[in-house]
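Let's take a walk through this structure together, one piece at a time. Keep the 3D view open as you read.

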Amino acid sequence: MFFNRNDNSAPMPERPKGKVLPLLPLRDIIVFPHMVVPLFVGREKSIAALEEAMNHDKEILLAAQRQAKTNDPAADDIFAMGTVGTIIQLLRLPDGTVKVLVEGKRRARIERFIPNDGFFLCEVSVVEEPVGSSVELEALMRSVQATFEAYVKLNKRIPPEMLVSVQTIEDPARLADTIVVHLSSVKLTDRQEILETADPSKRLNRLYELMSAEIEILQVEKKIRTRVKKQMERTQKEYYLNEQMQAIQKELGERDEFRSELTELEEKIKAKKLPDEAADKLRKELKKLKMMQPMSAEATVVRNYIDWVLALPWFDKSEENYDIDLAEKILNEDHYGLKKVKERILEYLAVQGLVGKLRGPVLCLVGPPGVGKTSLAKSIARATGRKFVRLSLGGVRDEAEIRGHRRTYIGALPGRLIQSLRKSGTSNPVFLLDEVDKMSSDFRGDPASALLEVLDPEQNHNFNDHYLDLDYDLSNVMFITTANSLSGIPAPLQDRMEIIQLSGYTEFEKLNIAVRYLIPRQREEAGLQDVDMEITENAIRAVIHHYTKESGVRNLERELGSVCRKIARKVVNTDKKEKYRVVAKSIPKYLGVPKFRPESARGKDTIGLTNGLAYTSYGGAILECEVAVVPGKGKLLITGLLEKGMQESAQAAMSYIRSRERLLGLPKDFYGNNDFHIHFPEFVPKDGPSAGVTMATSIASALMRIPVRRNVAMTGEITLRGRIMPIGGLKEKALAAHRAGIDTLLIPKDNRKDLREIPRRVLNATRIVLIEHADEALREALCLSDPEAIFGKRIAPMEYVNGKLITHRGHGEPEPDEVEPTRPEVPTPTVDAPGAQQ
């Protein structure tokens, strides 16, 4: 027993009933029986308690504090249950602290604290642990041992040798105390709870619960560590490889390319003249790029974006030519005819020279293939001093082709519009959107709708490409679009363009174009400049009539090129310099059997066969209409690949004839007793109402058994009352009639305004009659001996004879009428053909 012999004034303490031991308060640790642990002691009371124990039997009570932060604990701050320990070794350190090695012996409970000034002195009672064995306890011990083995496998801080020692312990109380010591993650309160549990069975149950919970936590931690480790390994590998590459570059004396690239980009941004929005955007992207790994995918995307923005011609412009005379000279040198387009370009240059700033016009050149739409745009660029950019829209289905892809997509790029401007290097080129009528739409969008903003002068000054996400000014660009037909262009898009129709060439124009430009160019391409060769005009006409069927000169040039190549072969195979003269008869030797039958009027007047006129994408054409009347029950059969509109026009023509049965001298039951077959021999699709008067004439001829004049062709839409409505494509139809040798042309009176578009040479060679009613067409077309007996006197029809307007009054006495001006004579061409630049 320990007594305080230093305090003489204190009253005699009550004689203790149990064992009296000095107390060592512990912080953040609990010592269990059979546990050997080193302790570092620095508090004066604790050192005094150790010294007191060393002076007697080296036993000391080890009890934990409730709060580790308390430096001077009171009796209430110490747990009532502790462990009686034996001091094995005590070592005083130079700094005044003490290192002590203690071993726990048995559990003990503090009964009371004995007053003492130097250290804690308390009366303790040893806790007896029940001893027993059962099957249930044995099973519990095995479960705890197995669980501890799983815990050790997950917790790498416990040595594997500990498993061997635990497996050899047969005492349940010692097993529990040994295992709990190695559960480092168990809270202090849970450890104290196990220390205060005297029953080994309950202690093992509680220990099993704590280990199971810890195992679940350790398993989750292991998954997290594995995942993080893989990520770290990949990152470290990339970092290691990058460092190696940089080290190799330094060893080789190479500079840091990425840093130099960033510096170069920064200098470019400062030097490039950019809009404020674009400059701010690039600075942000460059700042983002500096924080990225050079080899990362995102860095590549940002770098490409910066390169695209810097490469665009934001304020770079070509110096324009405002010399009207020079521009007109260039246009006339490159192309023949095309008066409207040339006038529009010269008007633009004149206004641009006066105003200084004018939004570029949006022209739409519509015409058949081969008339020079694409090559005309190149000439416009040369005449205005601008660069030329061509973008083919044929077959484009995706809206992103125009507006670009957003940068969120892999491999995103700006639209083809922005790409073409980058190639041109200027912000004011002549931009050709070729084949605008060949676009289509699908689930990816409608590119025609995307063009609405591009071709609208009121909107295209801030065109926004999805990839750039910046406003780009397209108002300085001169847009020119081409199309073969307006039917493929949506109405809103047509409304944004100035549409200029280009018609086909006449035979005379093709002849002069071939002589002056096509043949010289093909001779040069075939290497025949020094060879004495000649292709006569008759030979050229033979090629035009028998080997081409077009409005332009593309196929004509191709056939003439074939002739030149065959002559070149002859030149190579012979040693003598001969003169090669190609005449009309020799053309089949060079080009083979004729491909086409020339359009011409039939040899004689025929019943039920009328010459109509059609307008196709290849220009004008003769459209023969024949009618057969056979006995039947009033059935109307229409054949010849006719669309719905033309079939309805045939029904209207039949209704008109039925309404005029008395005038035409037809029997009342002619319709019910006959079947009618209307046929168009040309095996090509046909549509439109302009053949209505043609079908009515053929039906009347077949019923009246009166031939139709072979030298007459007609066009016009017919109503049920016989009125003739205006049609389109008059110029092309007149050219087709002229090519076929037809000298009389019947057209609607309302198309009188279109006569000024017809060449003077065609007007001089053709008699053109302006009709308002189908009766007038029958009067002119049918071979009638006495027209007035059927249709009465002629009432003031109009006709052009030798290019002059004649009005018939009374009994047909002609009077000149100069109200309607006509197209002036086209001079002999001295310029290049469309698509044939010098």
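**A helix pair and a sheet**

Helices α10 and α11 are roughly antiparallel to each other, because angles over 145 degrees count as such and the two pack at an angle of about 160°. Please keep in mind that this is a predicted model. You can find α10 at residues 324-334 and α11 at residues 339-355, with their axes 10 Å apart. If you look at how they cross, α10 passes α11 in a right-handed crossing.

Which residues make the contact? From α10 come I324, A327, E328, L331 and N332, while α11 brings K342, I345, L346, L349 and A350. Sorted by class, the contact of α10 with α11 has seven nonpolar residues, one polar and two charged.

Now turn to the sheet. Five strands form an open sheet in the order β8-β9-β12-β7-β13, and their pairing is parallel. As a reminder, strands of a sheet pair through backbone hydrogen bonds, either parallel or antiparallel. At the edges stand β8 (388-392) and β13 (498-501); each has a single partner strand, so one side of each is left without a neighbour in the sheet. On average, neighbouring strands here are turned by 20° against each other, direction ignored.

For a look inside the sheet, follow β7 (residues 362-366) and β12 (residues 478-483), which run parallel and are joined by five bridges.

Note on methods. Residues numbered from 1 in each chain as written. Predicted model: local features only at pLDDT ≥ 70, side-chain atom pairs only at ≥ 80, totals over all residues. Heavy atoms only, no water. Axes fitted to C-alpha atoms, helices over the stretch in contact; angles between N-to-C directions. Helix = DSSP H or I, 4+ residues; strand = E, 2+ residues; numbered from the N terminus. Parallel < 35°, antiparallel > 145°, perpendicular 65-115°, else oblique. Left-handed = near helix turned anticlockwise from the far one by under 90°. Contact = heavy atoms within 4.5 Å. Nonpolar A, V, L, I, M, F, W, Y, C, P; charged D, E, K, R; others polar. Pairing = 2+ DSSP bridges.
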